[in-house]
Amino acid sequence: MLNGRNFVAGEWRDGADWIEDINPSDVTDVVGRFVQARPSDIHDAVAAAQGAQREWAAAGLEARAAVLDAIGRELMARSKELGELLSREEGKTLPEGVGEVYRAGQFFTYFAAEALRNLGASADSVRTGVDVLTEREPLGVVAIISPWNFPIATASWKIAPALAFGNAVVWKPASITPASAWALTEIISRQAIPKGLFNLVMGSGSTIGRELAANADIQGLSFTGSGDVGSGIAALAAARFVKLQLEMGSKNPFVIMDDADIDRAVDLAVNGAFGGTGQKCTASSRLIVHRPIHDAFVEKLLAKAGALKVGHALEAGVQMGPVVSAEQLSANLDYVTLGISEGAELATGGEALDLAHRGHYMAPAVFLNGRSRMRINQEEMFAPITCVIPADDLDEAIFLANDTPYGLTAGIATRSLARATKFRHASRSGCVMVNLATAGTDYHVPFGGVRASSYGPREQGRSAVEFYTQVKTSYIHAGAAE
């Protein structure tokens, strides 16, 4: 059993309280005990980070690149070991856990190279004899608040660019997945970095998260989580004009047109809706199906969803693990009850499962006869629940796809380039997938949404430089040469 402490000002630190990390696949299995930070730890972490950041920024590009590359390579080399730990505490299947850790390593190796590409530009001035230079400088100390559903990957795509571009980091991970956070921190702590450059403060959002967002010496704050929490964090930070990057809710549509390859579309829908137990911000929670193929699609969808093997995340052949906690399972079952009360037809799944291991298991649920204004089609559930909504034509499908407050990802299955192009241009979302699942993005290109899904600069790829740096413009008059 792990015993994890916070990492503050370059030292492993005890706290006032501990929490137990419970395996959602088997609630008798305690993954570890993890220290909870105190508000004073935030003050100490930020104070140490300020001095360390100046040293790190002056260390040079190659030093930063070498550190990030070493972190990334260790994550990839240990992806099987750390993926098992991740799956054990979060509940996603072992292949998903291993894949997440490996992808986290790729974020670090990618941004190791990006550290060397932090290029400025020159321009001609409108004034004779004046040169203009623009360059990017680090923000300073960056606060990172990351979610439980991708406890290593989401954190890594924030931490890696923050360090690559010369910032210091104070990281508050989700309370329910502390082991993954502790494991990543242990790797970072062994690198050649200034003492205090990277800090881990584990604790609740209502205390530690709030304290971090309100700290006067934080220059940037990157958050991924729910819209309600995100708006609260923004209110605290914006009062001090802190630079903000918020990734929040979603209600992603996947449109299936009558010219689609139905078998492939079903596979994409099931992958998008139930991969990661539906606990993805990119999950396909609304399936908008063209009426001419509605019945044929539904028949295949129900057969595929009903055949998914649900079980212990570490068991071979399991296709869907448990949900992350008892509280999440209860909320999911409440949404099933709500969907039925709203008039949707529960065609398969939706019940808690009693399996060999005592865990938080749920059968993947498919609702039929959905209407757009139902709450199950407007609210982010973060559950293995999807709802089929029929559409008469492409225009209605586009309207339905856009008919939520959110706009993270959207997908369409069609063989028509014209239909795909029209959908792509009309979609009010940050990411559009054509003949691909709504879940699944590349690490070298921008990621983010519109409307209530996101606020601030995009994450990932070259776009990350927009958040983690600020632009300085210099005007230079050299005078006449003698």
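**Exercise 1.** Determine which residues line the largest cavity of this predicted model and how the lining divides by residue class.

*Solution.* A cavity is here a set of points on a 1 Å grid over the protein atoms alone where a 1.4 Å probe fits but cannot get out, and lining residues have an atom within 4 Å of a point. By this criterion the lining consists of Ser250, Lys251, Asn252, Gly278, Lys280, Ala283, Ser285, Glu380, Met381, Phe382, Ala383 and Ile385. With Asp, Glu, Lys and Arg counted as charged, Ala, Val, Leu, Ile, Met, Phe, Trp, Tyr, Cys and Pro as nonpolar, and the others, Gly among them, as polar, these residues divide into five nonpolar, four polar and three charged. The volume, taken as the space filled by probe spheres set on the points, which are joined across faces, edges and corners, is about 80 Å³.

Residues are numbered from 1 along each chain as its sequence is written. Because the model is predicted, local features need pLDDT of at least 70 and side-chain atom pairs count only at pLDDT 80 or more, whereas totals for chains, interfaces and linings use all residues, and side-chain values use heavy atoms, with hydrogens and water left out.

**Exercise 2.** Locate the buried residues of helix α7.

*Solution.* Helices are DSSP runs (H or I, at least four residues), numbered from the N terminus. In α7, residues 205-214, Ile208, Gly209, Leu212 and Ala213 are buried (under 20% relative accessible area, 1.4 Å probe, protein chains only). They lie on the same side of α7 because they cover an arc of only 130° around the axis, judged by the directions from the helix axis to the C-beta atoms. On the other side, Ser206 and Arg210 are exposed (over 50%).

Note on methods:
On a 1 Å grid over the protein atoms alone, a cavity is a set of points where a 1.4 Å probe fits but cannot get out, and a pocket is an open set with protein on both sides within 12 Å along at least five of seven lines; lining residues have an atom within 4 Å of a point. Helices (H or I, at least four residues) and strands (E, at least two) are DSSP runs, numbered from the N terminus.
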